[in-house]
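Please look at the charged side chains of this model and consider how they pair. Which parts of the chain do such pairs bring together?

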Amino acid sequence: MSSSNDPAPPPPGGVLWSLSGDVRALLMLPAALTLQVAHPAVGAGVDEHSVFRTDPWGRGERSLGSLQLWVYGGEEAAEEGRRLRRLHRAIQGTDTRGRPYHALTPANYAWVHATGYPVYRHGARYLLRPLSREQERALYAEWLQVGRVLGIHDRDMPQTIEEFWPYYRAMLADEIEKTPVVAELVATDTAVPPPDRGPRALRLLLRVVWPVLLPSLARFRSFLTVGLMPPDAREAIGLEWTDAQERALRRFCAVVRLVVPVLPERLRYLPRARRARAAHRARTGGLRPRRGGPAASA
């Protein structure tokens with residue numbers, strides 16, 4: 001149930017409004033998830049309590065739907081934040097360093113959220129275009145607002161970019177490691193079941209060809225996961241990345257930057273983002289959100 005005291009999601013026309021609903025953001029999500037679970041407590045929580053192994057497609061669909069609500073959900077955004085906190089109340093155990101953890105411990109919960117900023121910032125340089133300094137500041141302010149939607153207190157997150165980077169570097173130096181879940185997420189031989197979503201005919205076809213497709217898809221997933229992770233985080237975790245891989249990534253991203261902007265809106269934006277954009281245009285008499293975000297101007 002919404003309340004007048006609920007924090008509002010980021011505003012239409014902002015950087016996140018353009019960035020998080022663009023289909024290119026999907027390519028950044030594996031890097032963000034991997035950086036999250038490189039924290040020993042977060043990695044242990046996912047290892048012991050998540051269904052990412054047994055229901056990867058359902059888990060991914062739910063996570064993406066939740067993320068879209070944070071930005072485009074309007075009054076639903078704060079309720080989604082409360083739902084997530086309820087979901088995490090029972091998640092606790094012992095991390096990879098033998099320390100007790102709880103998912104809602106402020107330092108743990110804040111890290112999961114904080115990872116989105118450096119990954120979005122880095123991914124935009126490759127898949128859209130580099131953010132200006134003003135856009136970087138706007139993105140961070142909007143990401144803090146999303147944190148409030150999720151129930152993260154201001155005292156638990158750096159409140160400026162100048163405060164964020166020392167916090168981030170300290171986390172990379174003192175906490176981040178190649179946890180077992182990280183190793184699984186970047187492996188190229190992990191068994192993943194065929195998709196169980198979509199039209200029945202397509203699911204049946206994928207079930208037949210999946211043994212042939214999976215090795216290539218697994219290598220591509222690993223390539224994007226490591227490649228779109230900020231280099232300092234990649235180094236802190238201990239993930240290998242070669243000059244040849246960097247050149248291949250830049251070629252791939254150049255193609256993406258050329259193709260995606262010319263797609264029709266129904267293909268360029270995720271469904272909830274597309275509906276939110278249409279509703280915003282209807283409320284403003286047909287005006288599109290201001291062209292301040294990187295996706296709008298790429």
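The paragraphs below follow the salt bridges.

This is a predicted model, in which local features need pLDDT of at least 70 and side-chain atom pairs count only at pLDDT 80 or more, while totals for chains, interfaces and linings use all residues. Residues are numbered from 1 along each chain as its sequence is written, and side-chain values use heavy atoms, with hydrogens and water left out.

Taking a salt bridge as a side-chain nitrogen of Lys or Arg within 4 Å of a carboxyl oxygen of Asp or Glu, the count comes to 22 salt bridges. One of them joins Glu-61 to Arg-197, with the closest N and O atoms 3.0 Å apart. Because Glu-61 lies in helix H4 (residues 56-72) and Arg-197 in the loop between helix H10 (180-186) and helix H11 (200-227), the pair ties together parts that are 136 residues apart in sequence; helices here are DSSP runs (H or I, at least four residues) and strands likewise (E, at least two), numbered from the N terminus.

Arg-83 and Glu-80 also form a salt bridge, at 2.8 Å between the closest N and O atoms, and these residues are three apart in helix H5 (residues 76-88), about one helical turn. Glu-80 counts as buried at 9% relative accessibility, whereas Arg-83, at 34%, counts as partly exposed; buried means under 20% relative accessible area, exposed over 50%, and partly exposed in between (1.4 Å probe, protein chains only).

Finally, Glu-175 meets Arg-97 in a salt bridge of 4.0 Å, N to O. A network of salt bridges links Asp-95, Arg-97, Arg-99, Glu-175 and Glu-177.
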